[in-house]
Amino acid sequence: MRWLQRLLGGGRVQLDPERQQTLLRNLQHGYGAHTRVPFPAQVEAATSMLGGDDGLVVAARVLSQVADEAHVDLRAQAQDIHRRTGRRLLVHRRNYRPLWMEAGPGLRWPLFALPCGFHPYAQVAAAVAVVGDRAARLDRVTDPNPLATHVFELLDLTTVGWEYGRVRVDTDAAAFVDRLITSAAQVLAAMDDPPRLPPPVRALMRRNNTLDVHDPAGPRAVGRINLGARMREQLLA
């Protein structure tokens, strides 16, 4: 694997675990829904903060943690439904769509209330942007394969939240999905042997539905987004 060869071979990058921990703490406490700063400004500031290879490592760590915690949350919800009703639900990380198609009204979308406290439209969006913008450096600091999987997991979770989880499609949500799609394409382009696109992405790419995008502060629609077209444009290039 090229990433492992680069880590073990010559020219290995110098990483600073203490700086990474500081960046992670600053990201957790300085950004999110509790601040009065609009999400786009938070994303810009957090992206700038996550500079260098240490920032890239932190961004990858954030995406891994968020994807892992979302999966744990959904498994717990499925187990609770089984205890209460006897109904068994399958929770597959590679494709959350069947779960949400079957039980969407009974599920809580997990990304707004994870234990880590990262908000999808603030810290997570910044991490996604950092990973995409510096995808060419990923194999110098981490294995890009699980990272690509986590980006696609978050894309799947967000789009099923729109379709089945009553998550409002506003400009912040649309910007987050657009970053996920763009960064996924950038990560795949930087890999020697990129994986196949996961089933939920292929399913959405076969569609051509257009959704209204609303103002975060009100009911007014301010634009539209076509997920299938956007994914085809970025992921099939």
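**Note on helix packing and selected residues**

1. The crossing of α3 and α6 is right-handed. This is a predicted model, and the points below should be read as describing that model. Helix α3 covers residues 39-49 and helix α6 residues 120-133; the two pack at an angle of about 45°, with 8 Å between their axes.

2. Which residues of α3 and α6 make the contact? On the α3 side they are Phe39, Gln42, Val43, Ala46 and Thr47. On the α6 side they are Tyr121, Ala122, Ala125, Ala126, Ala129 and Val130. Sorted by class, the contact of α3 with α6 holds nine nonpolar residues, two polar and no charged ones.

3. The crossing in which α8 passes α9 is left-handed.

4. From α8, the residues in this contact are Pro144, Ala148, Val151, Phe152, Leu154, Leu155, Thr158 and Trp162. They meet Ala173, Ala174, Phe176, Val177, Leu180, Ile181, Ala184, Val187 and Leu188 of α9. By class, the contact of α8 with α9 comprises 16 nonpolar residues, one polar and no charged.

5. The loop between α8 (144-164) and α9 contains Arg166. Arg166 is not a glycine, yet its phi is positive, at about 60°. Most residues other than glycine have a negative phi. Is Arg166 buried or exposed? Its relative accessible area is 59%, so Arg166 is exposed.

6. The largest nonpolar core has 77 residues, and those with the most contacts inside it are Leu63, Val66, Leu154 and Leu235. Helix α4 (residues 52-85) supplies the largest share of this core, 13 residues. In soluble globular proteins, nonpolar side chains tend to be buried together.

7. What does Leu63 touch, apart from residues up to four places away in sequence? Its contacts are Val124, Ala127, Val128, Val131, Leu147, His150, Val151 and Leu154. Val151 and Leu154 also take part in the contact of α8 with α9.

8. Asp53 lies in helix α4. With a relative accessibility of 18%, Asp53 counts as buried, because the limit for that class is under 20%. Beyond residues up to four places away in sequence, Asp53 touches Val13, Leu15, Arg137 and Val141.

9. Leu23 belongs to helix α2 (residues 17-30). Leu23 is buried, its relative accessible area being 6%. Neighbours within four places in sequence aside, Leu23 is in contact with Met49, Leu50, Asp54, Gly55 and Val58.

10. Arg202 is found in helix α10 (residues 199-205). A relative accessible area of 26% makes Arg202 partly exposed. Arg202 touches Arg94, Arg196 and Leu197, again not counting residues up to four places away in sequence. Arg202 and Arg232 are 30 residues apart in sequence, and their C-alpha atoms are 9.2 Å apart.

11. Asp178 is located in helix α9 (residues 171-190). Asp178 is partly exposed, at 28% relative accessible area. How far is the C-alpha atom of Asp178 from that of Arg108? The two C-alpha atoms are separated by 23 Å, and the residues are 70 apart along the chain.

Technical notes
Residues numbered from 1 in each chain as written. Predicted model: local features only at pLDDT ≥ 70, side-chain atom pairs only at ≥ 80, totals over all residues. Heavy atoms only, no water. Core = buried A, V, L, I, M, F, W, Y, C linked by side-chain atoms within 4.5 Å. Buried < 20%, exposed > 50% of the residue type's maximum accessible area, 1.4 Å probe, protein only. Helix = DSSP H or I, 4+ residues; strand = E, 2+ residues; numbered from the N terminus. Contact = heavy atoms within 4.5 Å. Axes fitted to C-alpha atoms, helices over the stretch in contact; angles between N-to-C directions. Left-handed = near helix turned anticlockwise from the far one by under 90°. Nonpolar A, V, L, I, M, F, W, Y, C, P; charged D, E, K, R; others polar.
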